[in-house]
Amino acid sequence: MRISVDRDKCCGFGTCTVIAPALFDLRADDNLAYPLIDEPGVEHREVAREAAEQCPTEAIVITD
């Protein structure tokens, strides 16, 4: 699994950081989401997918 964030779509709502604080961070310089772990282990799969599903702008991209 690989996580990326389309910064053209991200609006900095922070939903991902609430759902998966171990996987995402909002940076103060641009207020956009960044993955903290590009390739999380299996223990993070479910929460990563939930964060992607709940992203209001569909900016989180998960590939297997």
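Colleague: Where in the protein chain is confidence lowest, and where is it highest?

Modeller: Keep in mind that this is a predicted model. Confidence is lowest in strand S4, residues 60-63, with a mean of 96, and highest in H1, at 98.

Colleague: And what's the mean pLDDT of the protein chain?

Modeller: The chain mean is 96, and 100% of the residues reach 70 or more.

Colleague: OK, on to the inside. How many residues does the largest nonpolar core have?

Modeller: That core has 18 residues. Ile3, Val5, Phe24, Ile60 and Ile62 have the most contacts inside it.

Colleague: Which elements give two or more residues to this core?

Modeller: Those are S1, strand S3 (33-35), helix H2 (45-54) and S4. H2 gives the most, with three residues.

Colleague: What is Val5 in contact with, leaving aside neighbours within four places in sequence?

Modeller: Val5 is in contact with Cys10, Phe24, Ala33, Pro35, Ala59 and Ile60.

Colleague: Switching topic: where does Phe13 lie?

Modeller: Phe13 is in the loop between strand S1 (2-5) and helix H1 (15-19).

Colleague: Is Phe13 buried or exposed?

Modeller: Phe13 counts as exposed, because its relative accessibility is 57% and the cut-off for exposed is over 50%.

Colleague: So which residues is Phe13 in contact with, beyond its neighbours within four places in sequence?

Modeller: Pro56 and Thr57.

Colleague: How far apart are Phe13 and Ala52?

Modeller: Phe13 and Ala52 are 39 residues apart in sequence, and their C-alpha atoms are 13 Å apart in space.

How values were computed
Residues numbered from 1 in each chain as written. Predicted model: local features only at pLDDT ≥ 70, side-chain atom pairs only at ≥ 80, totals over all residues. Heavy atoms only, no water. Helix = DSSP H or I, 4+ residues; strand = E, 2+ residues; numbered from the N terminus. Buried < 20%, exposed > 50% of the residue type's maximum accessible area, 1.4 Å probe, protein only. Contact = heavy atoms within 4.5 Å. pLDDT = per-residue confidence, 0-100. Core = buried A, V, L, I, M, F, W, Y, C linked by side-chain atoms within 4.5 Å.
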